[in-house]
Amino acid sequence: MHALLVLAVAFTAGIHAALVPEHLAEMPRLGDAFIVAAAAGGSVALALLLAPASRRMLRLAALFLTIEIVAWVGFVTVPVPGFDGTPESVEAIAVVCKAIELLGVLLALGLLAAPTRRRRAAAH
């Protein structure tokens with residue numbers, strides 16, 4: 001389960017990084033936000049690798065992924081102050097990314113609910 005969580009966080013970081021150029025060209029402030037999301041996601045994925053049994057890192061992963069989902073919902077449903085062009089249209093890659101982020105949230109919560117010994121075993 002832990003490896004899948006790391007993969008989910010790394011995937012979302014990679015998708016955000018890949019979309020930086022497009023967003024910088026269309027909406028520079030959103031491009032900047034994608035840079036932050038990519039860097040944060042990469043950092044969280046690395047932290048999960050370095051401290052696989054850390055409850056703090058599992059909570060951080062769940063929080064990061066939840067923020068990504070909530071932010072996207074906002075950007076596709078309402079005009080976001082300071083971001084012209086919102087709400088944005090819903091794109092297939094975003095839906096796939098959000099589904100993987102949701103899976104990551106569920107994995108993190110599942111690992112948090114597991115007894116400590118089982119969490120350590122799942123990390124290896």
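A crossing of two helices is termed left-handed if the near helix is turned anticlockwise from the far one by less than a right angle. In the present structure, which is a predicted model, α2 passes α3 in a crossing of this left-handed kind. Helix α2 spans residues 28–50 and helix α3 spans residues 55–77; the two pack at an angle of about 160 degrees, and their axes are 10 Å apart. Since angles over 145 degrees count as roughly antiparallel, α2 is therefore roughly antiparallel to α3.

The α2 side of this contact consists of Leu30, Ala37, Ala40, Gly41, Val44, Ala47 and Leu48, which meet Met57, Leu58, Leu60, Ala61, Phe64, Glu68 and Phe75 of α3. By class, 12 residues of the contact of α2 with α3 are nonpolar, 1 is polar and 1 is charged. Gly41 and Glu68 are among the residues that take part; Gly is assigned to the polar class and Glu to the charged class.

Phe75, one of the α3 residues in the contact with α2, also takes part in an aromatic pair with Phe83. The pair is edge-to-face, with a centre-to-centre distance of 5.0 Å and 75 degrees between the planes. A search of the whole structure returns 1 aromatic pair. Phe75 has a relative accessible area of 15% and is therefore buried, the cut-off for burial being under 20%. Phe83 is likewise buried, with a relative accessible area of 15%.

On the α1 side, the residues in contact are His2, Leu4, Leu5, Ala8, Phe11, Thr12, Ile15 and His16. On the α4 side, they are Ile93, Val96, Cys97, Lys98, Ile100, Glu101, Gly104, Leu107, Ala108 and Leu111. The contact of α1 with α4 comprises 12 nonpolar, 4 polar and 2 charged residues.

Thr12 lies in helix α1 and is one of the residues through which α1 meets α4. Its relative accessible area is 0%, so Thr12 is buried. Leaving aside residues up to four places away in sequence, Thr12 touches Phe64, Leu65, Cys97 and Glu101. Of these, Cys97 and Glu101 are in α4, while Phe64 is in α3, where it is among the residues that α2 meets.

Notes
Residues numbered from 1 in each chain as written. Predicted model: local features only at pLDDT ≥ 70, side-chain atom pairs only at ≥ 80, totals over all residues. Heavy atoms only, no water. Contact = heavy atoms within 4.5 Å. Helix = DSSP H or I, 4+ residues; strand = E, 2+ residues; numbered from the N terminus. Phe/Tyr/Trp six-rings, centres within 6.5 Å; stacked < 30°, edge-to-face > 60°. Buried < 20%, exposed > 50% of the residue type's maximum accessible area, 1.4 Å probe, protein only. Axes fitted to C-alpha atoms, helices over the stretch in contact; angles between N-to-C directions. Parallel < 35°, antiparallel > 145°, perpendicular 65-115°, else oblique.
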